[in-house]
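Please open the structure in a viewer and keep the sequence beside it.

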Amino acid sequence: MKLRRSMLFVPGDNAGMLSTSFVFKPDSVMFDLEDAVSPQEKDSARLLVYQALRHPSYRDIERVVRVNELNTEYGMKDLEMAVRGGADIIRLPKTETAADIELLDRQVTRIEKECGRPSGQTRVMAAIESASGVVNAVSITRASPRMVAIALAGFDYLVDMQSERSGGSEPELFYARAAVLHAARAAGIDAFDVAYGDVNDMDGFMREVLIAKNLGFNGKSLIHPRQIEPLHKAYAPTAKELAFAKRVIQAAEKAKREGLGVTSLDGKMVDPPVIAHAEMVIMRAEAA
Amino acid sequence: MDIVRNAIAGTLESGDVLVKVSPSEDGTLTVHIESEVIKQFGRQIRSTVMETIKALSIGAATVVVSDKGALDCVIKARVQAGLLRGAGATDLNWKVLG
Amino acid sequence: MSDDPPGVDLADHSELDFSTVDVTVSPDVEAEITRLLQENGLELDEQINTFVVCRKDGHLVGCAGFDRDVIKDVAVTPGLHGAAISLRLGSEVTKLAAARGYHDLFLYCRPDNAQRFRGWAFYPLVEIPDVIALMENNPVALAKYLEKLSRERHPGKAIGGVVLNANPFTLGHRFLVENAAKGCDWLHVFVVREEAAQFSYADRFRLVTEGLADIRNVTIHQGSKYIISRATFPGYFLKTRATIESSFTGIDLLMFREHIAPALGINRRYVGTEPFDATTNCYNASMKHWLADAPSTAAPIETVVIERLAVDGSPVSASKVRALLSAWDLRAIERLVPSTTLAFLEGQATPARDRKQGGW
């Protein structure tokens with residue numbers, strides 16, 4: 001089980017940021033070759049990201065590469081570089097249908113074979129940025145065994161919906177969030193909430209973090225390092241939650257030792273989902 | 001690979017290098033390094049630059065590297081980008097660039 | 001934000017907006033830029049149309065102007081992110097110029113700012129202390145150029161230099177060079193390289209070569225960006241030749257004195273009297289000052305002024321020849337140019353010629 005609370009976006013053409021972003025210790029780092037990089041710099045950014053992928057400083061952080069859409073002149077080159085460079089996850093922007101993921105999967109499979117990378121090692125994630133993506137979320141999350149996560153990209157999605165952020169509890173994002181979450185849970189993968197664009201508004205950011213956490217999002221896309229620690233803190237369990245989680249694990253281990261199938265704790269069933277949740281709580285506590 | 005036009009890659013910002021590539025006027029390879037830490041790291045920077053040039057089979061070119069405290073891997077990437085742009089190359093041979 | 005993790009620079013995270021602006025169509029932005037420049041002790045150069053500007057929260061915090069391959073009017077609001085803004089500006093201007101085909105760039109700045117522009121990977125060429133400095137974005141270009149030049153050195157006590165535009169080459173130019181060559185052991189002639197004249201550089205250079213072919217002790221050099229170019233002497237190429245600041249003639253003349261002349265051992269500069277063009281006259285008048293009197297790292301160079309050749313009572317001038325050419329008055333031209341130039345001019349088409357020959 002991998003903690004995926006924070007996915008820090010790092011522009012692929014910024015040498016200084018690529019060189020230093022590991023110090024902020026996000027759970028995942030996303031090297032962006034798409035929207036952050038101008039067309040004139042795509043080639044240079046691709047070479048920089050390749051180096052970053054192979055740099056020891058990033059060895060302990062999950063490395064994600066947001067490639068350009070595969071039907072652009074950049075997308076396939078990005079993919080060749082990223083798979084060969086050892087990216088942990090390929091993030092596909094503007095995912096609209098299962099076929100998008102299936103195509104990605106086939107290409108990744110081919111490249112893994114060509115470069116001798118263990119088949120299946122490269123994972124993928126979908127970024128939902130449109131109404132089509134939202135309504136197809138269920139089939140998208142099931143389109144490949146490589147899928148580990150699905151993210152909602154708020155800004156582009158709202159543009160596609162001809163809507164905009166209204167602040168507060170944001171009803172305009174509710175359906176999309178719910179759809180993405182349900183698809184993720186049904187497929188057993190992680191879900192990422194939208195990025196918060198105003199880096200100076202930490203109050204607004206934290207409000208959104210709590211909404212996302214309560215809905216059940218595993219984490220959030222981040223665009224600034226200063227968002228990492230507050231996010232991690234918000235995901236940290238309370239002492240009470242942690243204590244309960246520990247007891248759950250102890251009960252489960254005891255039941256296993258005694259050969260019992262299922263046990264209960266404080267009147268609640270300790271079945272696999274409860275155990276998994278407890279493991280997650282403990283992980284979050286340890287990482288906070 | 002031949003350098004057929006002027007090209008630049010990189011930026012002036014901290015942690016980066018600005019690489020300027022131009023066709024050689026006399027058929028030789030000329031490399032000029034500028035860095036605030038030229039005393040401590042000049043040799044290392046030059047070595048990284050030369051390796052990168054050789055790995056792309058560039059025989060003749062003028063390359064000027066203005067270093068702003070970049071890691072070796074950044075230098076490598078930016079020099080690669082400058083050389084490829086200067087050669088008008090669009091296809092990357094990943095076995096060589098790795 | 002005091003809570004930032006260490007190592008975070010706001011400039012990295014897109015709080016600054018960079019854009020390119022044409023001030024001739026944006027008077028509001030031009031006014032903002034003018035203000036920012038004034039705050040930095042600079043004046044808006046009328047020749048600069050394109051600026052890269054940096055805004056923070058909508059306020060203009062940095063600007064860098066450029067005209068093709070010459071960067072000027074760079075100003076940054078001093079403060080916390082001044083250095084970061086400056087470097088981004090430098091990168092953007094460099095990239096923009098490169099996209100337009102200009103890789104070899106020059107930059108004008110105040111001498112006390114030259115250090116900042118070292119950070120832009122620009123290197124000093126020449127400077128008028130406390131007034132203005134000229135820099136180039138290549139650490140070795142000038143040195144390589146001078147090294148090539150120095151291979152053309154000739155021994156002798158009196159080594160002269162003269163710079164011609166020769167638009168086109170006339171008997172006046174011939175007269176100047178002939179007399180200069182007589183007074184020297186060797187004379188180095190440079191032809192202005194800029195394509196800003198009626199006749200192309202290639203044609204002008206060829207006519208100079210043909211017109212001086214028989215003079216034994218002369219070397220004719222290709223012009224360069226370091227000798228009366230848009231970079232070293234922008235005022236020379238202005239369409240409206242208003243009076244130019246003497247500081248810019250100083251830049252070109254100091255380049256000559258400190259770099260060109262030593263490479264060839266030149267110790268005197270020849271120039272003809274200039275009764276017609278105000279800009280050139282101003283330049284010539286300041287020659288003695290910059291080549292000899294002004295403090296400099298290089299030895300003084302003597303300025304020798306030679307009275308212009310007069311034909312039929314009038315000083316010979318290239319502009320007169322051009323005027324006669326538009327009127328297709330070849331007979332009058334014949335008295336002012338050598339046969340080699342005449343042959344070339346006869347091959348030129350002009351509206352007057354076409355009219356005379358019955359074309360439309």
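Predicted model: local features only at pLDDT ≥ 70, side-chain atom pairs only at ≥ 80, totals over all residues.

Residues are numbered from 1 along each chain as its sequence is written, while chains are lettered from A and ligands numbered from 1 in the order in which they are written.

**Stop 1: two helices of chain A**

Select residues 239-257 of chain A, helix α11, together with residues 272-287 of chain A, helix α12. Helices (H or I, at least four residues) and strands (E, at least two) are DSSP runs, numbered from the N terminus. The axes of α11(A) and α12(A) come within 9 Å and cross at roughly 130°. Axes are lines fitted to C-alpha atoms, for helices over the stretch in contact, and angles run from 0 to 180 degrees between N-to-C directions. α11(A) and α12(A) are therefore oblique to each other; angles under 35 degrees count as roughly parallel, over 145 as roughly antiparallel, 65 to 115 as roughly perpendicular and the rest as oblique.

Next, display the contact residues, including A:L242, A:A245 and A:I249 of α11(A) and A:I275, A:A278 and A:I282 of α12(A). Two residues are in contact if their C-beta atoms, placed from the backbone, lie within 7 Å. By class, this contact of α11(A) with α12(A) has eleven nonpolar, no polar and two charged residues. Here Ala, Val, Leu, Ile, Met, Phe, Trp, Tyr, Cys and Pro count as nonpolar, Asp, Glu, Lys and Arg as charged, and the others, Gly among them, as polar.

**Stop 2: chains A and B**

Show chains A and B: their contact takes 18 residues from chain B and 15 residues from chain A. On the side of chain B that touches chain A, α2(B) gives the most, with eight residues.

**Stop 3: chain C**

Colour domain 1 (10-102) and domain 2 (143-310) of chain C, as given by an automatic or database domain assignment. Their centres, taken over C-alpha atoms, are separated by 35 Å.

Now select the open sheet of seven strands in chain C, with the order β1-β2-β3-β4-β5-β7-β6 and mixed pairing. Two strands pair if DSSP finds at least two bridges between them. Strands β2 (residues 50-56) and β3 (residues 59-67) of chain C run antiparallel and are joined by seven bridges. Finally, select C:V52, whose bridge partner in β3(C) is C:A64.
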